Amino acid sequence: MNKKSILFCKKQLTYLLFVFLFIGHSINAHAFTYLQDISTQDDANYNEYKGVVVSKETNQLLVSVSISVNNTNISTVTNDEGEFLLKVPKDISNGEITISHLGYNDKILSLSEFKGNELKIKLESSITELSEINIDPRDPESLIRAVMKRKGSNYINHNTIMTAFYRETIKKRRSYVSLSEAVVDVYKNPYESSKTDIIKLYRARKSADYKKLDTLTVKLQGGPSSTLYIDVMKNPEILFTDNMLKTYEFSFDKSTKVNDRYIYVIKFKQRPQITEPMYFGKLYIDSETLAMTKAVYSLNMENKEEVSRMFVRKKPRNARVQPTQATYNIDYRQSNGKWYYSYGRIDLAIKINWKKRLFNSVYKLNVEMAITDWKKNIDNETLKPKDRLKSTVVISDEASGFSDPKFWGEYNVIEPEKSIESAIKKIQKQLRKLN
């Protein structure tokens, strides 16, 4: 790989990894108030439906399962404990929902089946190897090129405005020390357009327990923009450059199924002679349309010094900060024959070694964003620069506290895990004491 190609890939890596770490001395823990002029929607406008999704065969909790309201663009995903909360306008309370997940058959349920109770929904496994492969199994690279060639016909080719829920958490070992959440509007351009998607922050909230941060503040820079940058179909240069064959080795893995549709699975990893931090992971490709439906990939952490330079923007002199994990997950959903970004997640882990200290500090950082509704941007609306959320934003600096239990109103969010709920209750208790 020549020097020019390495510099190009390195540039794209920096663009992708717009989730940076701010590590510095603790600042004032009081929260900012943001967009307080927006009132909470009346509960009477919608019904809530709760459930948990598990594997029928193993009873294992299923994470990031898609739950969508049929004949609408309303949707949500399950959390890390397989739970979901779906808010549906009352005028479609007689509708149906579809529950879908990679490797399982879709399940359709009527909203009337909930009857005010939390349902346990069991999905049946549909993992099956392809009986026939139309793509030469010795040439996975040609499949990747076919995927990119069909991007214009497979993915949404008009402007859209998407409503999304964003959450970022920071844990010190097993304890939550920071939690930020937001509802945003994403002004998404067609997949063949080179224009960057833009974001408007609608409302946000946060809190942090700085006592657990070792007098440090760990922050993420990038916010919702970071989960858009990992969209490899909108930003193919992340992985699929003209030099990808010189950078990566591709191979076929066992195929799978989603709702009786066969899915090719391609594994990739960087070639041994490449010393720059590149990626390894799996790509999931629909065998009928050759559309990528999912991508899961991680950054190679072997070049520790280079990885550290990519992530860490600021740190104390007496601390050595080393990222130990960077994993990316992107899901696409189909509507009227077209695929679009539906869910993005980034998981980071960092280790902080202190000079003259026996023990180190380990932090896990997670950001995720789920599209919960969308519509065609028929009039090609856009945002003035002053109304756009900057890609350098630190959401935890733009958000208010957790005192309002009805903060989100009618907007769909990712149901918090029990550990997050416990953290919120503790934060609320602390706020009451302060007041």
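The following exercises, each with a worked solution, concern a predicted model.

**Exercise 1. Salt bridges**

Task: Determine how many salt bridges there are, and state which atoms are compared for glutamate 181 and arginine 205.

Solution.
- Step 1. Side chains of opposite charge can pair when their charged atoms come close.
- Step 2. The cut-off is a side-chain nitrogen of Lys or Arg within 4 Å of a carboxyl oxygen of Asp or Glu.
- Step 3. With this cut-off, the count comes to 13 salt bridges.
- Step 4. Between glutamate 181 and arginine 205, the closest N and O atoms are 3.0 Å apart, and the two residues form a salt bridge.
- Step 5. Because glutamate 181 belongs to strand β10 (residues 175–188) and arginine 205 to strand β11 (residues 198–208), this pair ties together parts that are 24 residues apart in sequence.
- Step 6. Both glutamate 181 and arginine 205 are buried.

**Exercise 2. A network and a further pair**

Task: Identify which residues are linked with Glu181 and Arg205 in a network of salt bridges, and classify lysine 188 as buried or exposed.

Solution.
- Step 1. The network of salt bridges links Asp80, Arg167, Glu181, Arg205, Arg345, Asp347 and Glu368.
- Step 2. Arginine 345 forms a salt bridge with aspartate 347, and the closest N and O atoms of this pair are 2.9 Å apart.
- Step 3. Arginine 345 has 13% relative accessibility and therefore counts as buried.
- Step 4. Lysine 188 forms a salt bridge with aspartate 197, where the closest N and O atoms are 2.6 Å apart.
- Step 5. Buried means under 20% relative accessible area.
- Step 6. With a relative accessible area of 2%, lysine 188 is therefore buried.
- Step 7. Aspartate 197, at 12% relative accessibility, likewise counts as buried.

**Exercise 3. Aromatic pairs**

Task: State how many aromatic pairs the structure holds, and classify the pair of phenylalanine 250 and phenylalanine 268.

Solution.
- Step 1. The structure holds twelve aromatic pairs.
- Step 2. In the pair of phenylalanine 250 and phenylalanine 268, the ring centres are 6.2 Å apart and the planes stand at 35°, so the pair is tilted.
- Step 3. Phenylalanine 250 is in strand β13 (residues 248–258) and phenylalanine 268 in strand β14 (residues 261–270), so the pair ties together parts that are 18 residues apart in sequence.
- Step 4. Phenylalanine 250 and phenylalanine 268 are both buried.
- Step 5. Elsewhere, Tyr49, Phe84 and Phe114 form one aromatic cluster.

**Exercise 4. Positive phi values**

Task: State where serine 64 and lysine 115 lie, and classify each residue as buried or exposed.

Solution.
- Step 1. Most residues other than glycine have a negative phi.
- Step 2. Serine 64 has a positive phi, near 60°, and lies in the loop between β2 and β3.
- Step 3. Serine 64 is buried, because its relative accessible area is 13%.
- Step 4. Valine 63 is also placed in the loop between β2 (46–55) and β3 (66–69), but at 29% relative accessibility valine 63 counts as partly exposed.
- Step 5. Lysine 115 has a positive phi as well, near 50°, and is found in the loop between β7 (107–110) and β8 (119–123).
- Step 6. Lysine 115 is exposed, because its relative accessible area is 70%.

**Exercise 5. A charged patch**

Task: Identify which residues gather with Lys351 in a patch of positive charge on the surface.

Solution.
- Step 1. Lysine 351 is placed in strand β19 (residues 338–354).
- Step 2. At 32% relative accessibility, lysine 351 counts as partly exposed.
- Step 3. Arg173, Lys304 and Arg320 gather with Lys351 in the patch of positive charge on the surface.

Methods
Residues numbered from 1 in each chain as written. Predicted model: local features only at pLDDT ≥ 70, side-chain atom pairs only at ≥ 80, totals over all residues. Heavy atoms only, no water. Patch = residues over 30% accessible without salt bridge, like charges linked within 9 Å, V, L, I, M, F, W, Y side chains within 5 Å. Areas by Shrake-Rupley, 256 points an atom, 1.4 Å probe, with all protein chains shown as cover. Lys, Arg positive; Asp, Glu negative; His and termini not counted. Charge placed at Lys NZ, Arg CZ, Asp CG, Glu CD. Helix = DSSP H or I, 4+ residues; strand = E, 2+ residues; numbered from the N terminus. Buried < 20%, exposed > 50% of the residue type's maximum accessible area, 1.4 Å probe, protein only. Phe/Tyr/Trp six-rings, centres within 6.5 Å; stacked < 30°, edge-to-face > 60°.
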